[in-house]
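Visitor: Could you walk me through this one? I'd like to go piece by piece.

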Amino acid sequence: MLDVRNATISYGACEVLQEISFSLEPGCVVVLLGANGAGKTTLIKALNGTLPLSSGEVTLDGKRLADISRREIAENIAVVAQENETRFPVTVLEFVLSGRFVHGNAFGWESDADIEFAKKALADCDLSGFETRLMNHLSGGERQRVVLARALATGAKILLLDEPTANLDLAHQAMMFRLVRERCSQSNYSAIVITHDLNLAAEFADEIIMLHRGRIAAAGPPEKVLTADNVQDVFGVKVLLDENPASRKLRVTAIY
Amino acid sequence: MNRKAIIIGLALLAALAAAIILAVLLGAERLPIFDLNEQQASILFDIRLPRILLGACVGASLAVAGAGLQSLLRNPLAEPYLLGVSNGAALGTMLAFVFFQSLEITRPLLAFAGAGLATVAVYRMAKSRAGMNVERLILSGVIVTTFLSSVIVMLTTLLDAAKLRSFTFWLLGDLSQATRNGVYLSLGAVIVGTIVLMSQARALNLMMVGERDAFDFGVEVGRVRMLVFGAASLVVGAAVAASGSVGYVGLIVPHLVRLSVGSDNRLVVPCSAIAGAIFVVFADTIARTAIAPRELPVGAVTALIGAPMFIYLLRRN
C-alpha cells in the first residue's frame, strides 16, 4: 500500500505541491485530474522517489520511500510515462524485457519465464506478433502500448501511469483503461492514472483526486468530485453532467 | 543469448585471429610462417608482435569506450575522439612527457586523469535542467576538443625539432613505439574496462532509452554513469598513452556491430571489443605496408576508412 502524508515539493519560494495526503489501497484505481501545471506529473514523480519531498513523506507498505533502495522501489512500483524516441535499433521484445531488470543479476540473461512474462504483457496490450519489430518503426500509439507492456512485465503491483492514452486511438484508450481496471480488480494491483479525459475517469476510477495549483481541490468517488462547480473552478470550463445510458456512469460534456 | 549472436561472436574471433596472422606475415620485412632465423625472430617478438597486440588492445579499448558512451549518453555520435576524451588523454600524456620524462608510469596515469576530466567537463557542459540533447552534447565535445587541441599545440612549442616531429606523428596515432610493458598495461586496462562495462550492460540497455526510464526501473543512474565514465576514461587513457589519438574506431565499430547483433549491450560491448581490435590491426597493417619502408600514422588510416563508412551509415539511417 502507498501512503502519502502532507507531501510538499517546493523550488525556492514556489510550492509545486502543497500538503498532499491520500492512500492507495490494493485493488484501487485512482485518477488524477487537473489543469496543465497543477502538479500531477510532479506528484507521480514523488510517488516513486524520482523527486525528493521538501516535507512530508511517502511510505510503501509502512516503509519510507527515502529509506528503500532503488531496486526495491522498482520491484513494487512501475511507471508508465510518455513514450520516448529510441535512437538505437531496439526490438519490441528487448524493450519490454528491459522491464525485468530488477529480477536479474548484472551478468545474467533473461530466463524462459521472463520471456513468457514479457510476451503475455505484449498480448494483453494487443501487441502479439510485434516482438521482433523495431521500436522506432512503430507509430506513437503502438510505442505507448509497448511502454505499458514493459510496466506490466515488471510484475510490480503498483502502477503509476502518466497520460498513458495521450497518443492512442479511441479503441486503444478504452483497452488501456480496461486492462488497468482488470489488473486492479482481479489481481489486486493498484493504479494511479493521470488523464485529461473526464469521461474515462468517471468510467474506470474508484477515486478521483482533483489537483488545483498544487493542492487537492477535491477527492473522492467520481460522483462526489465531478461536479459542475469543481470542474468550473479547476478547469475554468462549464460542463453538463448526466448519466451515460450504456454504463450508467457519470457523463461529462463540456459547453464551448 | 541467441544462436545468431554466438555465430557472429565466433566469426569475429576467427577474423581477429586471421587479421593478427596476416599482420604478422606482412611488413617491410616479410616473415616466413616457420623456421625463423635469429633476426626474423627478433623482428617478430620484439617489434612486430608487440605492435600488433597493442593495436588490437587499442582498437578494443576505443570501441568498447564508444559503445558504452553511446548507450550512456543516448547519443549515436558519442565517441572518445568527438567528445574530447582522447584529446584529454593526449594532453595528459603530453604533460607527462614534457614534465616527467624519465617516469614512464606518469604517462598512462596522467592520460587517465586527462580523459576523466575531459569526460566530466563535456558532461557538465552538456547537461541542462531540461536534460541532455544530441546537439548540446556534440557542441560541448567540439568545444572541449578544440580547446584541448589548442593547449596541446601550445605545449608543442616547448619541444625541440626532433621531438616535435615524433610527437606530431604520435598525436595522429602511432603504434611503432609499442613495448611489452605497454601491451601489458593496455591489455590490463581493456580487460578491466570491458568487464566493468559488461557488468553495466543491462543497466545501459535501459539508459539507452532514457535516464528517467532507467531510474524508474531500478537503475542506480548516478552509479552507472560514474562506472561507465570511469571505465571509458581508463581504457581511452591507456590506449592514447600508448598510441596517440586514433579516431573513428569508437564511432564506427559499435554501429556496425549493432547492425549485426542488435542493440543489446551484453552483445554489443564484447563484439565491439573484438571488432575494434580487428579494425585497428587491419588499419595498422595498411599503415605499415602501404608506403613501406615509410609509414603512415594509423589514425590517418582509420579516418580514411572510417569517414566513408560513417557517411554510408548516415545515409542508411
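Guide: Two strands pair if DSSP finds at least two bridges between them. Helices (H or I, at least four residues) and strands (E, at least two) are DSSP runs, numbered from the N terminus. This is a predicted model, where local features need pLDDT of at least 70, side-chain atom pairs count only at pLDDT 80 or more, and totals for chains, interfaces and linings use all residues. Residues are numbered from 1 along each chain as its sequence is written, and chains are lettered from A and ligands numbered from 1 in the order in which they are written.

Visitor: Okay, what is the strand order of the open sheet in chain A?

Guide: The order is β6-β7-β8-β3-β9-β10. That open sheet has six strands, and the pairing is mixed.

Visitor: Which strands stand at the edges?

Guide: β6 (77–80) and β10 (215–220) of chain A. Each has a single partner strand, so one side of each lacks a neighbour in the sheet.

Visitor: And how are neighbouring strands turned against each other?

Guide: By 15° on average, direction ignored. Axes here are lines fitted to C-alpha atoms, for helices over the stretch in contact, and angles run from 0 to 180 degrees between N-to-C directions.

Visitor: How many bridges join β3 to β8 in chain A?

Guide: Four, between β3 (residues 29–34) and β8 (residues 190–194), and the two run parallel. Within that pair, A:V29 sits opposite A:A191 of β8(A).

Visitor: Which helix lies across β3, β7 and β8 of chain A?

Guide: α6 (residues 170–187) of chain A. It runs at about 155° to β8(A). Contact means that C-beta atoms, placed from the backbone, lie within 7 Å.

Visitor: Where is A:R213?

Guide: In the loop between β9 (207–212) and β10 of chain A. Phi of A:R213 is positive as well, near 50°. Most residues other than glycine have a negative phi.

Visitor: Why does A:R213 count as partly exposed?

Guide: Because A:R213 has 15 C-beta neighbours inside 10 Å. A residue is buried with 20 or more other C-beta atoms within 10 Å of its own, exposed with 12 or fewer, and partly exposed in between. A:D126 also counts as partly exposed, with 15 such neighbours.

Visitor: Over to chain B. How many residues of α11 are buried?

Guide: 10 of the 13, so α11(B) is largely enclosed by the rest of the structure. Among them are B:P254, B:H255 and B:R258. The buried residues pack against α1 (3–25), α2 (38–72), α12 (265–289) and α13 (298–316) of chain B.

Visitor: What follows α11(B)?

Guide: B:G262, with a positive phi near 90°.

Visitor: At what angle do α3 and α4 of chain B pack?

Guide: About 145°, with axes 7 Å apart, for α3 (residues 85–99) and α4 (residues 106–126) of chain B. Contact residues include B:L91 and B:L95 of α3(B), and B:L110 and B:L117 of α4(B).

Visitor: Last one: how many residues does each chain give to the contact of chain B with chain A?

Guide: Chain B gives 22 residues and chain A gives 24. On chain B, α7 (180–199), α8 (201–207) and α9 (211–216) each supply at least two residues.

Terms used. Contact = placed C-beta atoms within 7 Å.
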